[in-house]
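Student: Please take a close look at a single part of this structure and walk me through it in one connected answer.

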Protein chains: 4
Amino acid sequence: MMNTLGRAVTLTLFGESHGEQIGCVLDGLSAGIFVREETVARALALRRPAGSISTARREEDEFSIVSGVYRGYTTGAPLTVLIPNKDTRSSDYDSIPLRPGHADLTALMKYKGFSDPRGGGHFSARLTAPIVAAGAIVREALEKKGIVIGTHLSSVGKVCDRGFENLEEDLAFLADKAFPVLDGSAAEKMEAEILAAREDCDSVGGVLETAVTGLPAGLGGGTFRSVESVLSHALFSVPAVKGVEYGGGFGLSAMRGSEANDAIGLDERGEYYLKTNRCGGILGGITCGAPLLFRCAMKPTPTIAKPQETVLASEGREVIHSFHGRHDPCVAHRAAAVVNAVTALVLADLLAQHYGEDWLGEEK
Amino acid sequence: MMNTLGRAVTLTLFGESHGEQIGCVLDGLSAGIFVREETVARALALRRPAGSISTARREEDEFSIVSGVYRGYTTGAPLTVLIPNKDTRSSDYDSIPLRPGHADLTALMKYKGFSDPRGGGHFSARLTAPIVAAGAIVREALEKKGIVIGTHLSSVGKVCDRGFENLEEDLAFLADKAFPVLDGSAAEKMEAEILAAREDCDSVGGVLETAVTGLPAGLGGGTFRSVESVLSHALFSVPAVKGVEYGGGFGLSAMRGSEANDAIGLDERGEYYLKTNRCGGILGGITCGAPLLFRCAMKPTPTIAKPQETVLASEGREVIHSFHGRHDPCVAHRAAAVVNAVTALVLADLLAQHYGEDWLGEEK
Amino acid sequence: MMNTLGRAVTLTLFGESHGEQIGCVLDGLSAGIFVREETVARALALRRPAGSISTARREEDEFSIVSGVYRGYTTGAPLTVLIPNKDTRSSDYDSIPLRPGHADLTALMKYKGFSDPRGGGHFSARLTAPIVAAGAIVREALEKKGIVIGTHLSSVGKVCDRGFENLEEDLAFLADKAFPVLDGSAAEKMEAEILAAREDCDSVGGVLETAVTGLPAGLGGGTFRSVESVLSHALFSVPAVKGVEYGGGFGLSAMRGSEANDAIGLDERGEYYLKTNRCGGILGGITCGAPLLFRCAMKPTPTIAKPQETVLASEGREVIHSFHGRHDPCVAHRAAAVVNAVTALVLADLLAQHYGEDWLGEEK
Amino acid sequence: MMNTLGRAVTLTLFGESHGEQIGCVLDGLSAGIFVREETVARALALRRPAGSISTARREEDEFSIVSGVYRGYTTGAPLTVLIPNKDTRSSDYDSIPLRPGHADLTALMKYKGFSDPRGGGHFSARLTAPIVAAGAIVREALEKKGIVIGTHLSSVGKVCDRGFENLEEDLAFLADKAFPVLDGSAAEKMEAEILAAREDCDSVGGVLETAVTGLPAGLGGGTFRSVESVLSHALFSVPAVKGVEYGGGFGLSAMRGSEANDAIGLDERGEYYLKTNRCGGILGGITCGAPLLFRCAMKPTPTIAKPQETVLASEGREVIHSFHGRHDPCVAHRAAAVVNAVTALVLADLLAQHYGEDWLGEEK
């Protein structure tokens, strides 16, 4: 289960950057979920590199769903997405040194020279395309249940977006945004930051902030099935994520308890609610009904044209190398689609455990 | 598997703050691991509240190992640790309001009024005692294999410790330190910070930084079994942890790729090494042989004597309440023992998957 | 997860025959299940050796539930059962040869001499006591939902009981029967068979047949989560079980399709039903609403007083040995309680996956 | 994880009888396993219907391995096999009644009308083709380690083959036999039995017997990870299997202990061995070094041309129906390839847990 995520709803991922096909198997999904191919296509488009701030690699992401859907609805059997690899130029990668910051080195060590080195092989961020495809199907089904997921670029390099304010409006605004930033002037500065990095033959990192509204209270729980545990497990599987925090996160560690605690109130219907949300919607590892809030730190794209010290493995010697080719100066904005997808998959899994395996589907 | 951690080596946790016994079952451990009871006792002592900066609750933590050990060695059968609860004053918790920042609210909602409210029930940080006991056994076995784990208080409130410098010396220095801080003057300021919080009827958070030396390259891997994923899953199960970052973590998101990447070199024996370690010892989700480095953000202890807005559930009305009683103004230092334990458990699990189920034991 | 059964509802087992305590942790159970200690005691009594047809070992099975229950109801936290070992005579087992048909040999080989040899250690059938205790709690909760489980001794040696006829009456008749046989004259012959084996310093095997009524259609499914798969996994964990068959089982292999198939009909309410039940209530790995029917083959108790060829491991030489001591000439009737317990646990797990984690509990 | 088998080495299955593609993802496999496409093709050919005793459906089973293999060797990344569906005649299945003995009824009930009914959808025995493909790769790797798996038709209807005698010779004889019977005259009678069933518009069941030689002692173990448990879990996932027994199996239940026990001896090198093998190579759930022996009962093919009582679901009424079309009068011989494949997968999983994740691959 190295490449399988989840318990009740599971995603199994396969493929390599320059292999024949990449794809995934989404299993445990309720029967009766309507599958809209354009939803998948739109999500893939958001993940796809585009414009001057992205790699020149053209990924058309023609996908096909080859199992698990019949007459437009999920059947309860595993749903399989296939995406053929087309624009692969394997010659780019022949006899080049180990790319610092990549899995090149560890794949070589772990798999004793048998791993596929072309374009990062199975470790390529290209493998996030099937995750996005599967996540898009699940996310749309969650939306029909009133559960809305959205992610914005909280920062790129040292440029910051504003935080979430009115969640409903902000999430609506972010839907299908290729460069998901809440504050327009911040967006411009971020794009400038990315272009500046590219000009310097360099790259830049960023932070993604995600919110989920409409979640019921009571998901997760048990010491080792806390929502924080299960979700961070999935988020740290997204390439380039090196930090995850919930609600106030690292900021809470510098606060007093009286600042960090969220007061509890009763609303007019007698329902509990939190008067603030520094816990990020999770107390004791269980959702409390407040929006889920978390942030992912993305490291800068490791492949850069600036010369770097590394090793040419085939000749067993240190070299200084500039990695030219088609690379993204920033992946944080494209990763928003991946974080949304992964979040949808984790929530569908938790919801299936809570409400049973049928819950997400429609009635016939 | 709500309260079970791991795949090959698993920990199952049980008990409530004011129940008869708390404990854990450690399964999948190699036969032939020497179990030293004083190692367990010492680890429990580090987790135990002590002195003016801790709760007045006296926890003696008399433990017994009731299965899985024969003539001093693990047998390959599940090892069970039991810790009786003694100093419980359940009357303290009768008809008191929901404690903000605790699981009181979510346990009530999830378990529909059936959860044990006394002292937080199963959600009590008291449950970290068996984790520490089990982790101590595993950690000592790892040390015999040259794998050393250590944690220091990177910050308390706004007071910071210095970072790790010479790892070998620093980890030796931290061993069995009740207040694990590298810089003596920082330690004094931190204690002052904690006492100031207590005087204000408040509490304070902190950040823990952990290092592991001696790990082989090649652990982890597979998209959804990255070391970051598996370890963060466990770390976010530790009460009060709200953020986890590896290596440069959130700081990497503000860097350029040329700053964030670790140059790769070849040492005199022709082995690969990293010239820096901003990746925290993990590339592509796989250990690379460099020390594992990560940080956990701990929120302030939620139970404070300062008045807070909350709800008295039994009467269904909002109240303002001061939570008097025996509470820690800071738990970050005590949590170091828990983080070390959890780390040992996760590494033993990854090592068993990598090298097989016998690896950690001795030969007869 | 060597000693953990299940996914949503899990049982983790620990202890050794002559250790301090044996027990289990039952996790994932809905909150709000009423726990009646006398139900547990009664189930343990059925498993316990009694009378002339059983071992002379006196097992009082004083159990205590040390976590997971508050004011009589499950809390949603792990429920732990402890049973102290009292009547252990370890001297019986010192320097005796490997017992043929037992785990003595394989435990020695697998655990390299570190396993606990006293009374079979963790491999002792004594470990079925906590399974029975946990199963009794779950079984009673299932009965409140209309799901009734019962097992009879289909055969002992070559003596056969009649098959199930009127399931409702037969299951009611079997409830709490220490020697669960439907046909009184068969029961007498079986007891004679067992006593004859004892007189010959030998033992005898048997077959258990189990029925479950009241199960909803739709449990199980997915190629590798068929009810047959999941249930047989659990049943083959019961000591001495060497065969499992569903419905017509091995008998179906000698039939024509026209004999083996169950005709499908519509009842007066328009619901589907099977006109016969050779499939044992499972089609395509999924329950169909018909009673679940299966049979377990139990080998004869391996420990016998008749001389046998074996090896004295401590001296590394072949010997001929008679194993005197307190042993059962037949365990099949006592195993009925274990099979019922294991079945209850598996069904609770499948039901939680199907209907969600709350399903088995009451409302407050 | 409904359609995923295994822990360390996992197989995830997908596809429907009349969908676009069927296939599987084999994950957790060691890097460095040589993948011979003709081995896969030959195994698929054995599973494929052929000659007068099989269905007329032509399945060419053109497969492709689209991930996980690079320059002929496994890479450590998931290996994916795709098999396109070609000869599908969906019109055959339009508005036909529920087929007795199939998953038609339970799929309808469980998936509320959303399951794919064409040719049995995901429940079709066609789905065993990818299992066979994946199993063939693993089985060949096991053979290089000296572990040999073979299965013969122990019986068809009431006609019996002889049992295993000289295992080495018998397994060599069975290799790549399309109709795997040890005794030539039994083979002729079995074919006659099958043709007779076909002439009667009927079908016939059978029993498969499997042996594995070369397995090390010490695999499996832990109460709920016994080899019997894990293997039966997988075997009961093979369509039509309704019974599984190990060694003497159900026959042991009619024996005395003195007959059923296997005497233990020491060979000339001082190694333990069993003087007989009624335990089927497993004691206490752990392999003992003796050959693994087990038998699977296969029910007769449920689809028959003889008229049967059933229900036309679309019209909600009982009907009597003859299922004409391309169906096997017996599937037991074709299932031998599936049982061999499943056994190989389970053993690879147990071996990876025992010896670590690298064990099965070659060194570079």
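**A strand and its surroundings**

Tutor: In strand E9 of chain D, D:Val159 stands opposite D:Val156. The model is predicted: local features need pLDDT of at least 70, side-chain atom pairs count only at pLDDT 80 or more, and totals for chains, interfaces and linings use all residues. Residues are numbered from 1 along each chain as its sequence is written, and chains are lettered from A and ligands numbered from 1 in the order in which they are written.

E9(D) covers residues 159–160 and is joined by 2 bridges to E8(D), the two running antiparallel. (Strands are DSSP runs of E, at least two residues, and helices are runs of H or I, at least four residues, numbered from the N terminus; two strands pair if DSSP finds at least two bridges between them.) E8(D) and E9(D) form a hairpin with 2 residues between them, and D:Gly157 in the turn has a positive phi of about 55°.

E8(D) also pairs with strand E10 of chain D (residues 206–213), through 8 bridges and again antiparallel. In that pairing D:His152 stands opposite D:Glu209. Strand E8 spans residues 148–156 of chain D, and 9 of its 9 residues are buried, so the strand is largely enclosed by the rest of the structure. A residue is buried if 20 or more other C-beta atoms lie within 10 Å of its own, exposed if 12 or fewer, and partly exposed in between, with C-beta atoms placed from the backbone.

Chain D also meets chain C. The contact takes 86 residues from chain C and 86 residues from chain D, where two residues are in contact if their C-beta atoms, placed from the backbone, lie within 7 Å. On the side of chain C that touches chain D there are 38 nonpolar, 34 polar and 14 charged residues. Here Ala, Val, Leu, Ile, Met, Phe, Trp, Tyr, Cys and Pro count as nonpolar, Asp, Glu, Lys and Arg as charged, and the others, Gly among them, as polar.

Strand E11 (residues 241–246) of chain C is joined by 3 bridges to strand E11 (residues 241–246) of chain D, antiparallel. Within this pairing, D:Glu245 is the bridge partner of C:Gly243. Of the interface residues of chain C, 100% are also interface residues in chain D, so the copies meet through the same surface.
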